[in-house]
Amino acid sequence: MQCTWDDVEAHIAACACCPLGKTRHLPVMGRGSRQARLMLIAEAPGAEEDRQGIPFVGKSGEILDSLLQDCGMDRKEIYITNILKCHPPNNRDPKEEEKEACFPYLKYETFLLKPAIIVCLGRVAAQRIIAPDFKITRQHGAWIYRKNCALTATYHPSAILRDTSKYESAKKDFCEIVKKLHSCNGSDR
């Protein structure tokens, strides 16, 4: 049986694999172009995302949009998702069992999208996707390659809200990501 985007969305909407399914307002499925070559993955939806069912709205979304615009990209050209599809209470870090419960959905999103580049937004996503000991302050902007896909990480927009001095580093990372995206050819898909 082939999995479709509609199948993934239906499974996420009905998910009760962890306690977060009982406390969420709306599940937050990834959004953006389903033909995108660039996939951004963060850790979990925030409170505003939980209310709207859309990733990266509110102040973090504004920072992300600014970073993309500064490097000549638009949100419509990319696919943005989270490891978790439900908001953890009080914006706490996701628990391991919550990440494990949601990870199959992320795998399906990645399988369907087949991105050339995956960017982890923040430490939690980088530690789950790239390496368990990933240090965002030291390793952001570094590249690894796995299964015909280039992976990197940069600061989460909410970290930039807390410390605006990180904006320039994140902007540099995003501009390098855009350069790499433009240098990738169609054979990476």
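1. The disulfide between C71 and C175 is left-handed, with -85 degrees about the S-S bond. The two sulfur atoms are 2.4 Å apart, where a disulfide is defined as a pair of cysteine sulfur atoms within 2.5 Å. The structure holds 1 disulfide. C71 belongs to the loop between α4 (58-70) and β3 (79-82), while C175 belongs to helix α9 (residues 167-183), so the link ties together parts that are 104 residues apart in sequence.

2. The model is predicted, and local features need pLDDT of at least 70, side-chain atom pairs count only at pLDDT 80 or more, and totals for chains, interfaces and linings use all residues. Residues are numbered from 1 along each chain as its sequence is written, and side-chain values use heavy atoms, with hydrogens and water left out.

3. Buried denotes under 20% relative accessible area, exposed over 50%, and partly exposed in between, with a 1.4 Å probe and protein chains only.

4. Two strands are taken as paired if DSSP finds at least two bridges between them. Strand β2 (residues 38-42) runs parallel to β3 over 4 bridges, and I41 stands opposite T81 in β3.

5. Strand β4 (residues 117-121) is mostly covered, with 5 of its 5 residues buried. Which residues of β4 point which way? I117, V119 and L121 point one way, I118 and C120 the other, and all are buried. In a regular strand the side chains alternate between the two faces of the sheet. β4 pairs with β2 in the parallel sense over 4 bridges, and I117 is the bridge partner of L38. β4 is also joined to strand β6 (residues 149-154) by 5 bridges, again running parallel; here C120 has A153 as its bridge partner.

6. The salt bridge count comes to 10, the criterion being a side-chain nitrogen of Lys or Arg within 4 Å of a carboxyl oxygen of Asp or Glu. Side chains of opposite charge can pair when their charged atoms come close. One of these salt bridges joins R34 and E9, with an N to O distance of 3.6 Å. This pair links distant parts of the chain, 25 residues apart: R34 in the loop between β1 and β2, and E9 in helix α1 (residues 5-14). R34 is partly exposed at 31%, as is E9 at 38%.

7. R128 and E100 form a salt bridge whose closest N and O atoms are 2.9 Å apart. It links distant parts of the chain, with R128 in helix α6 (residues 123-129) and E100 in helix α5 (residues 96-113), 28 residues apart. R128 is partly exposed at 24%, and E100 is partly exposed at 46%.

8. In the salt bridge of K179 with E176, the N to O distance is 3.2 Å. Both residues lie in helix α9, 3 residues apart, about one turn of the helix. Is K179 exposed or buried? K179 counts as exposed, at 53% relative accessibility, while E176 is partly exposed at 37%.

9. Helix α9 also contains A170, which is buried at 0% relative accessibility. Not counting residues up to four places away in sequence, A170 touches L67, T154, Y155 and I160, a contact being heavy atoms within 4.5 Å. The C-alpha atoms of A170 and L64 are separated by 9.7 Å, and these residues are 106 apart along the chain.

Note on methods: Helices (H or I, at least four residues) and strands (E, at least two) are DSSP runs, numbered from the N terminus.
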